[in-house]
Amino acid sequence: MRTYIGSHQAVNAAEFEELALGFDVLPLGIDRDLFRGPLGAESAQERAARLDVAREVIADLAAQGEGGDEVAAWDALYADALTRTVPFLRAARTAGRSSRSGDVAA
């Protein structure tokens with residue numbers, strides 16, 4: 001038996017979960033990298049500029065939400081939560097660097 005999600009065939013369980021749950025699909029209008037930061041390194045100046053824009057977008061979404069747009073209100077909450085996260089891959093890379101440098105967590 002073949003399993004399809006939309007027009008894509010899922011060939012194994014992991015692919016089925018990815019297609020069904022939409023791991024690669026972003027909510028409309030939300031750029032996760034803008035709020036959580038890129039997976040790679042960014043300079044202090046790039047980070048400051050990104051966070052300034054992110055704060056403005058969150059403020060605009062919140063204002064739209066207060067004006068009655070429920071989707072914008074939820075998007076503002078989601079975007080705000082993303083600003084307090086660190087992508088797993090970046091965290092793993094950072095942890096790997098610190099363990100190689102001889103740092104030991106107490």
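Trainee: Does Arg-50 count as buried or exposed, and what is its relative accessibility?

Mentor: Please note first that this is a predicted model. A residue is called buried when its relative accessible area is under 20%. Arg-50 has a relative accessibility of 12%, so it counts as buried.

Trainee: Where does Arg-50 lie, and which residues does Arg-50 touch?

Mentor: Arg-50 lies in helix α3. Leaving aside residues up to four places away in sequence, Arg-50 touches Asp-33, Leu-34, Phe-35, Arg-36, Gly-37, Pro-38 and Glu-42.

Trainee: Where is Pro-38 found, and how far from Arg-50 is Pro-38 in sequence and in space?

Mentor: Pro-38 is found in the loop between α2 and α3. Twelve residues separate Pro-38 from Arg-50 in sequence, and their C-alpha atoms are 9.9 Å apart in space. Pro-38 has a relative accessibility of 22% and therefore counts as partly exposed, because that class begins where buried, under 20%, ends.

Trainee: How should I describe the protein overall, and how many helices and strands are there?

Mentor: One begins with the elements and their order. The protein has five helices and two strands, and along the sequence they follow the pattern β-β-α-α-α-α-α. Of the 106 residues in the protein, 18% are buried.

Trainee: Which residues make up the largest nonpolar core?

Mentor: That core has six residues in all: Leu-34, Phe-35, Ala-54, Ile-58, Ala-79 and Leu-82. Three helices, α2 (32–36), α3 (44–66) and α4 (70–82), each supply at least two residues of this core.

Trainee: At what angle do the axes of α3 and α4 cross?

Mentor: To read a helix pair, one looks at the distance between the axes, then at the angle. The axes of α3 and α4 come within 7 Å and cross at roughly 150°. This makes α3 roughly antiparallel to α4, since angles over 145 degrees are placed in that class. The crossing of α3 and α4 is left-handed.

Trainee: Which residues meet where α3 and α4 are in contact?

Mentor: From α3 come Ile-58, Leu-61, Ala-62, Gln-64 and Gly-65, which meet Ala-72, Ala-73, Asp-75, Ala-76, Ala-79 and Asp-80 in α4. By class, this contact of α3 with α4 has seven nonpolar, two polar and two charged residues.

Trainee: Taking Ala-62 as an example, what is its relative accessible area?

Mentor: Ala-62, in helix α3, has a relative accessible area of 29% and is partly exposed. Ala-62 and Asp-75 are 13 residues apart in sequence, with 8.3 Å between their C-alpha atoms.

Trainee: Where is Arg-84 found, and is Arg-84 buried or exposed?

Mentor: Arg-84 is found in the loop between α4 and α5 (88–100). With a relative accessible area of 60%, Arg-84 is exposed, because the cut-off for that class is over 50%. Between Arg-84 and Phe-35 there are two separations to read: 49 residues in sequence, and 8.4 Å in space from C-alpha to C-alpha. Phe-35 is also one of the residues in the largest nonpolar core.

How values were computed. Residues numbered from 1 in each chain as written. Predicted model: local features only at pLDDT ≥ 70, side-chain atom pairs only at ≥ 80, totals over all residues. Heavy atoms only, no water. Core = buried A, V, L, I, M, F, W, Y, C linked by side-chain atoms within 4.5 Å. Buried < 20%, exposed > 50% of the residue type's maximum accessible area, 1.4 Å probe, protein only. Helix = DSSP H or I, 4+ residues; strand = E, 2+ residues; numbered from the N terminus. Contact = heavy atoms within 4.5 Å. Axes fitted to C-alpha atoms, helices over the stretch in contact; angles between N-to-C directions. Parallel < 35°, antiparallel > 145°, perpendicular 65-115°, else oblique. Left-handed = near helix turned anticlockwise from the far one by under 90°. Nonpolar A, V, L, I, M, F, W, Y, C, P; charged D, E, K, R; others polar.
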